[in-house]
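Dear colleague,

I am handing over a structure that is new to you, with the sequence and the coordinates together. Please look through it before you read my notes.

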Amino acid sequence: MAHGLESLVIRHTHRIPSPKGSAGEGATAARQLDATLASVGFKLSAELLERLSGLSEAAVVHTAKRTLRTVSEMVGDHVRHNSYFIDFPVNVPDTEEFWMRCVAKALVDDASRGNVLTQLAHGVLDLLSLPTYGRYQHTYEEMLAAQDELIASAGDRVTVLHLGRDLDGELTDLYLALAGSTTPLGDDHLGDLKILAERCALGPQPESIPVRENRAVVNAARLAAGADLLFDTVVDVLRLACALSGGDVTLQEPTRFRGFPRPVRRKLLAGLDAVVAANPARLADVHAYREPFKRLGERLHPHEYPQWPYAADVFAVARGEKEARSFDSRVEQLLDASDVLGAVRLLKSAPGKLFRALDLLLRIAADQEERDAVVATAVEVAPEVSGRVVLSVREHFQNRERVSDQPRIFVNRRGHGWVTPDARPPVPAADRDRLITALDAEMRRRLPAPRRLLLDPDVLDVALPLSGRASAAGLGVLPRGSISAVDGEHLRFFVYWKQAEKRTDYDLSALLLHADYSTDCWLSYTSLKAVGGKHSGDVTEAPDGASEFINLSLDRVRSTSIVPQVNIYAGEGFEETEESFFGFMVRDGEQKGRPFEPRTVRMKSELRGVGRVALPLVFRREDDGRWGAKWLHLYLRGISSANRVEENQMSVSKVVRALVEREYLTVRYLVGLMSDGATAVELWDDETVLDEPVTYIGLERPEGLPAGSQVVTLENLRDLIPG
């Protein structure tokens, strides 16, 4: 269990909890660990190396084993990445040539000859019936022997591991950070919060837990520990019931409620009763989740507990036996009557709902007087709205400046994206600009004013993580909408999957687009070579795991955009496999090396979406000829089987265009607001002289920051979002 907790800390913070052990001469073992870490793109900080050097060799070896296992998983080097073509990316054949080679081998095989001849006679050939197609024809060791050694490059990724506090302190700090996050967490981080909450439920707690899903996870741990529960809405109780049943605390997917022990039923019913007794208007919240509440009532048996009549009212409303007019229905009635001013007065009591309705209110307002009232009320209640919502609305209106013929994209909590034409009337420019100015002022008021702010310039174009669901778990992963530079001559992306129960065939493909988003060409199992690119070959099953690669020489690619995608051709979905992940590597000149080299990996992210086509990011050539990546984290629905790049090119092109052309609020925006005050902003470099604590914002923590400095990196970027 200790290894699992240490691994969790390393993954989230890139810190190793302060190693324990007897004093000794561990310098040699520590240097050996540092050298081994370099092979997977990591290194020890000077402080951590010094700490390990003062321990016994046995203590260093103990730390080394755990650390190497964790970082290998982080970068995707914990599995064997074989390639179908043994010496990929050289000697990749033309597609037709390769298929004919497979047919020729099948015709000299006694077991397959008859079947293949029959198929050829009918003019149709199933590639999977060919014994040499889709299955590795060599071992992993044979593939390694056929590849040249990687030549180290100054451009290879180096991720520094720092010295942390003791394990208990690190776990407490991480628990407080995740539980108190001002933005929703992704599924993987929610799972980590569950582990931490079970350990930390009776220890220090965050001042508040603003995100409801986080509260449900914490409440489940507090219930098991006998601590007080945190409820202020009836939906909080419903989310807790989902957590206790192993269901979806976001309430996006239906949960099959378990039978609850009597003490748990009493806790849930008492919680419902207390919430409604304190504020009977909370009964209206039931309407949005009537069916789940009805199913929950069947498990809680409220009729057995007459001492909690308000809890019984909750289920009576769900069954339609008691009336509780919802807030949304009252707003809708006013809007149907074109009573904008009445709707604004009502929404003033629910500032978050008012902010989410601002676009509609400004569009349907009859005259300038009504629009002035909408803007004035929004400005008045802005201090009561969460920072995440203020920023989301600010980003929304920034994109309302676009012309109306551009597509409108929607992305749900599970990463499923779809595009529709934008048929909305425009928001009057003057009102939109007044609102944007007011929201900027509100954000500036909330942001801290550090005395000295140091910036890694590479972080400026990272999109603000307004939701953890706009990203994926992994290494070097940026939020949706972020832009990052791609330096290097060769770009190689990869997918790995391991089926759980049935034959599963994932196809790594790349759609190459012109500047107008029309198709130039593609790389896939049906097109193994294109200008500047090569595919490693189709693998059609993965009982022991399988990998596919695409390599591109960026100076030869003629297209404007490269869209890697993972298509599910057959078998298990992304959330059903034992494991599946995507990533990309960057290599210079003649580095050579194996198909997968961990020190060249720039990003590795888990594939855990509900669609059948995954779109992790898009690579774009800028006007100056340089390449960059814009992060998508999208899943398209696709079809149940046989998804192929040539069949989905139109839908992919539409969503890529919509996301590429959308403007996201970035770290640059927040830094601009901070620098309006007395804050001195400097770009970080290794020569920066530091003699007092600073605030540092960057992709990774540098060495040498003074004690007491506030550090914001990718791992805790959500801390930038004010509450």
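The notes below cover a sheet, a pair of helices and the salt bridges.

Please keep in mind that this is a predicted model, in which local features need pLDDT of at least 70 and side-chain atom pairs count only at pLDDT 80 or more, while totals for chains, interfaces and linings use all residues. Residues are numbered from 1 along each chain as its sequence is written, and side-chain values use heavy atoms, with hydrogens and water left out.

Helices (H or I, at least four residues) and strands (E, at least two) are DSSP runs numbered from the N terminus, and two strands pair if DSSP finds at least two bridges between them. On that basis there is an open sheet of six strands, paired antiparallel, in the order 8-19-18-15-10-11. Its edges are strand 8 (483-486) and strand 11 (519-523), each of which pairs on one side only. Neighbouring strands are turned by 30° against each other on average, direction ignored, where axes are lines fitted to C-alpha atoms (for helices over the stretch in contact) and angles run from 0 to 180 degrees between N-to-C directions.

Within this sheet, strand 10 (residues 505-513) runs antiparallel to strand 15 (residues 561-570), and nine bridges join them; Leu-513 stands opposite Ser-561 of strand 15. Strand 10 is also joined to strand 11 by four bridges, again antiparallel, and here Ala-510 has Leu-523 as its bridge partner. The hairpin of strand 10 and strand 11 has five residues between the strands, and in it Tyr-517 takes a positive phi near 70°.

Turning to the helices, the axes of helix 11 (residues 234-244) and helix 12 (residues 262-278) come within 8 Å and cross at roughly 165°. That makes the two helices roughly antiparallel, a term used for angles over 145 degrees. The contact (heavy atoms within 4.5 Å) involves residues including Val-237 and Leu-240 of helix 11, and Leu-268 and Gly-271 of helix 12.

Finally, the count comes to 45 salt bridges, each being a side-chain nitrogen of Lys or Arg within 4 Å of a carboxyl oxygen of Asp or Glu. One of them joins the side chains of Asp-168 and Arg-199, at 2.5 Å from N to O. This pair links distant parts of the chain, with Asp-168 in helix 8 (residues 167-179) and Arg-199 in helix 9 (residues 187-200), 31 residues apart.

Definitions and conventions
Parallel < 35°, antiparallel > 145°, perpendicular 65-115°, else oblique.
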